[in-house]
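Welcome! Let's walk through this structure together, starting with its charged side chains and ending with its sheet.

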Amino acid sequence: MTEDVNEVEVVYTTNDVYEAEIIRNQLHDGGIKCELDGDSQGGFTEIVETKLLVRAGDADRARQLIERRMTDKFEQPRDEV
């Protein structure tokens, strides 16, 4: 069975709606259309999961961008000589 590139796939899940918004914007900047699911659950931020959804055809690239963001986020600053 061939995967439909237009099917929706979850590429990231978080309890931080603000983080989800930042990642969504970064994916949009990278040319990947992304939507959030669960981001407006009556003010229950940090309780309800927010899922980032992309087209299946963009999922691998989206995960790479998210992984790069997470690596950069936690990478220690390098001392400049």
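A salt bridge here is a side-chain nitrogen of Lys or Arg within 4 Å of a carboxyl oxygen of Asp or Glu. Three salt bridges are counted by this rule. This is a predicted model, in which local features need pLDDT of at least 70 and side-chain atom pairs count only at pLDDT 80 or more, while totals for chains, interfaces and linings use all residues. Residues are numbered from 1 along each chain as its sequence is written, and side-chain values use heavy atoms, leaving out hydrogens and water.

Let's begin with Glu9 and Arg63, whose closest N and O atoms are 2.8 Å apart in their salt bridge. Glu9 lies in strand 1 and Arg63 in helix 2 (residues 59–74), so this pair ties together parts 54 residues apart in sequence. (Helices are DSSP runs of H or I with at least four residues, strands runs of E with at least two, numbered from the N terminus.) Arg63 also meets Asp60 in a salt bridge, at 4.0 Å from N to O.

Elsewhere, Glu21 and Arg24 form a salt bridge at 2.6 Å, N to O. Both lie in helix 1 (residues 17–29), three residues apart, about one turn of the helix.

Three strands form an open, antiparallel sheet in the order 1-3-2, where two strands pair if DSSP finds at least two bridges between them. Strand 1 (8–14) and strand 2 (34–37) stand at the edges with a single partner strand each, so one side of each has no neighbour in the sheet.
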